[in-house]
Amino acid sequence: MQISEFLTSLYRPSNMEYLFEKIVEYFSPQKNNNNNNTLNTEDMESNLTIKEGYGYKRGAINTDWKKRLFVLNQKSLTYFKGGKSIPSGSIGLNNVQHISEIQKDNVFKLFTPGRVYEIRLDSQADAVAWVEALNQASKRGPIT
C-alpha cells in the first residue's frame, strides 16, 4: 500500500475509532497481510529526546543572546524560538567536529564545517550536563 493510499484510507472524520485502529494496524510490529510494514525501532530511537531545556544561543548575524528551547536526540540538536511547534534551526551531530571546554559565563561552542555555534546556560552544572549529553548522543565519546 502506498503512503497516499494509506492516508486516504484513514480519512473518515465521522469514525475516529476506525482511524485509531488503522494507525495501530499500520504500525503493528507484526506483518500486515498485504505488505511488510513494521515499526522501525532504530528510527524511533534516533528521534527519542535525550535532553531538553532552555538556554541561550548567539546568532551568526545578530550576536545578541536569544533564549531558545533546545532538544537533543541522537542525530541532532534542534532549537526553537518559542514552544516546540516550528524549529528555528538544527545542528546535525554528525557535523560537529569539536565541542569547546566550558568557558566564562557557562558558554560552550559547537564547531561545524560551516559555523561555530555558541550556547550559554544558566549554570555551570547545566553546561556540564549539556556537554555530557551531546557526547552521549554522538556515541563516539567526547568530541574535543
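Reader: Which side chain makes a polar contact with the side chain of S76?

Author: A polar contact is a pair of N or O atoms within 3.5 Å; within protein, one must be able to donate a hydrogen and the other to accept it, and residues adjacent in sequence count only if both atoms are side-chain atoms. Here the partner of the S76 side chain is the side chain of T78, at 3.4 Å. The model is predicted: local features need pLDDT of at least 70, side-chain atom pairs count only at pLDDT 80 or more, and totals for chains, interfaces and linings use all residues. Residues are numbered from 1 along each chain as its sequence is written, and side-chain values use heavy atoms, with hydrogens and water left out.

Reader: Where is the place of S76, and is S76 buried or exposed?

Author: Helices (H or I, at least four residues) and strands (E, at least two) are DSSP runs, numbered from the N terminus. S76 belongs to strand β3, residues 76–80. Buried means under 20% relative accessible area, exposed over 50%, and partly exposed in between (1.4 Å probe, protein chains only). With a relative accessible area of 12%, S76 is buried. Contact means heavy atoms within 4.5 Å. Leaving aside residues up to four places away in sequence, S76 touches V71, S90, I91, G92 and L93.

Reader: How many helices and strands does the protein chain have?

Author: There are four helices and seven strands. Their order from the N terminus is α-α-α-β-β-β-β-β-β-β-α. Of the 144 residues in the protein chain, 35% are buried.

Reader: How many salt bridges does the structure hold?

Author: Side chains of opposite charge can pair when their charged atoms come close. The cut-off is a side-chain nitrogen of Lys or Arg within 4 Å of a carboxyl oxygen of Asp or Glu. The structure holds one such salt bridge. Its partners are the side chains of E118 and R58, at 4.0 Å, N to O. E118 lies in strand β7 (residues 116–120) and R58 in strand β1 (residues 51–58), so the pair ties together parts that are 60 residues apart in sequence. R58 is partly exposed, at a relative accessible area of 27%.

Reader: Strand β1 also holds E52. What does E52 touch?

Author: Beyond residues up to four places away in sequence, E52 touches L69, F70, V71, K84 and W130. E52 and F70 are 18 residues apart in sequence, and their C-alpha atoms are 5.5 Å apart in space. E52 counts as partly exposed, at 40% relative accessibility.

Reader: Which residues line the largest cavity?

Author: Rolling a probe the size of a water molecule over the atoms shows where empty space is left. On a 1 Å grid over the protein atoms alone, a cavity is a set of points where a 1.4 Å probe fits but cannot get out, and lining residues have an atom within 4 Å of a point. Grid points are joined across faces, edges and corners, and a volume is the space filled by probe spheres set on the points. A search of the whole structure gives one cavity of 30 Å³ or more. The largest cavity holds about 40 Å³ of space, and its lining is F70, L77, F108, I119, L121 and W130.

Reader: What does the side chain of N106 reach?

Author: The N106 side chain reaches the backbone nitrogen of Q124 at 3.1 Å. N106 lies in the loop between β5 (98–99) and β6 (107–111), and counts as buried at 15% relative accessibility.

Definitions and conventions: 1 Å grid on protein atoms, 1.4 Å probe; cavity = no way out; pocket = protein on both sides within 12 Å on 5 of 7 lines; lining within 4 Å.
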